[in-house]
Number of protein chains: 2
Amino acid sequence: MDPRIHIITLGVNDLARAYRFYHEGLGFPTSRKPEEGIIFFQTGGTCLALYPKDKLAEEFSAELPVSYAHYPSIILAHNTRSKEDVDAFLAQAVAAGGKLEKPAEETFWGGYSGYFSDPDGYLWEVAYADSWKFHPDGSLVIE
Amino acid sequence: MDPRIHIITLGVNDLARAYRFYHEGLGFPTSRKPEEGIIFFQTGGTCLALYPKDKLAEEFSAELPVSYAHYPSIILAHNTRSKEDVDAFLAQAVAAGGKLEKPAEETFWGGYSGYFSDPDGYLWEVAYADSWKFHPDGSLVIE
């Protein structure tokens, strides 16, 4: 698989505040608005995303460990070119000593994704969706 | 400033174990070895780095909040083209509502760096060093 982090998602307590900090304060470019519920910035290299922490918790698991509910939560994401690649990457991570945190399944946003954690507990989402497009260099197109 | 995350550093409990997971298990490319004390992977887009969590705590602050000592710690890094840009970026972050966590200073590894946190507490290092080189697309050259 292409060794690449496509998205870093920060779980935030106040999406509008975080949007103002990164977009208006630091000048990170985006066409998204907080009203849409999620922000993707067209950052160089890896895309930075902002998502409400409570929504992140819901999406990941109904039985989230207390650490993710009370502390800053970051998810690294790798996007694949096919559904089969999601399953293959998750299997590779488990074979390497990672833990399957959530098997891949169809998501409410029209994709297919699952989660594993690395040996230190860092969460990775592995995702595929027809709607995601890639730049020639392999990074995601953020609109 | 160029809106870009250059490095994502994961603070790990066992550097050799994390190295095996990412390098041997997932195939992330690097010429580094755990004996060198830090691992940089030549990942597409943003560089993934592994660093012992206790060392990360020392480097960041002797008075680290308990959350960083006991929970997974991730630092996002932005690398500038000059020392002056480090100070300018930190000042911009503070003006935008961020918190200066550690003023910029000369580092033991020959660079110049400081830290701020965003409104949700996520840590960013802003760093400059003569020894860092950039690819034409703005990403870091990882050797």
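This is a predicted model: local features need pLDDT of at least 70, side-chain atom pairs count only at pLDDT 80 or more; totals for chains, interfaces and linings use all residues.
Next, consider the interface. Of the interface residues of chain B, 98% are also interface residues in chain A, so the copies meet through the same surface.

**The nonpolar core**

Select I8, L10 and Y22 in both chains. These are the residues with the most contacts inside the largest nonpolar core, which has 56 residues. In soluble globular proteins, nonpolar side chains tend to be buried together.

Now centre the view on I8(A). Neighbours within four places in sequence aside, its contacts in chain A are T46(A), C47(A), L48(A), A49(A), I74(A), I75(A) and L76(A). From chain B, I5(B), I8(B) and L76(B) are also in contact with I8(A).

**Helix α1 of chain A**

Select residues 15–25 of chain A, which form helix α1. Which residues of this helix are buried? They are L15(A), A18(A), Y19(A), F21(A), Y22(A) and G25(A). Within chain A, the buried residues of α1(A) pack against β1 (7–12), β2 (39–41) and β3 (47–52). They also pack against α4 (83–95), β6 (112–117) and β7 (123–128) of chain B.

At its start, a side-chain oxygen of D14(A) comes to within 3.2 Å of the backbone nitrogen of A16(A). After the helix comes G27(A), with a positive phi near 80°.

**A hairpin in chain A**

Move to strands β5 (residues 99–106) and β6 (residues 112–117) of chain A. They run antiparallel and are joined by five bridges. Select E105(A) to see S113(A) of β6(A) standing opposite. The two strands form a hairpin with five residues between them. In the turn, select G110(A), which has a positive phi of about 90°.

**A loop in chain B**

Finally, select S82(B), in the loop between β4 (73–79) and α4 of chain B. Is this residue buried or exposed? Its relative accessibility is 17%, so S82(B) counts as buried, the cut-off being under 20%. The side chain of S82(B) reaches the backbone nitrogen of D85(B) at 3.1 Å.

Key:
Residues are numbered from 1 along each chain as its sequence is written. Chains are lettered from A and ligands numbered from 1 in the order in which they are written. Side-chain values use heavy atoms; hydrogens and water are left out. Contact means heavy atoms within 4.5 Å. A nonpolar core is a set of buried Ala, Val, Leu, Ile, Met, Phe, Trp, Tyr and Cys residues joined through side-chain atoms within 4.5 Å. Buried means under 20% relative accessible area, exposed over 50%, partly exposed in between (1.4 Å probe, protein chains only). Two strands pair if DSSP finds at least two bridges between them. Helices (H or I, at least four residues) and strands (E, at least two) are DSSP runs, numbered from the N terminus. A polar contact is a pair of N or O atoms within 3.5 Å; within protein, one must be able to donate a hydrogen and the other to accept it, and residues adjacent in sequence count only if both atoms are side-chain atoms.
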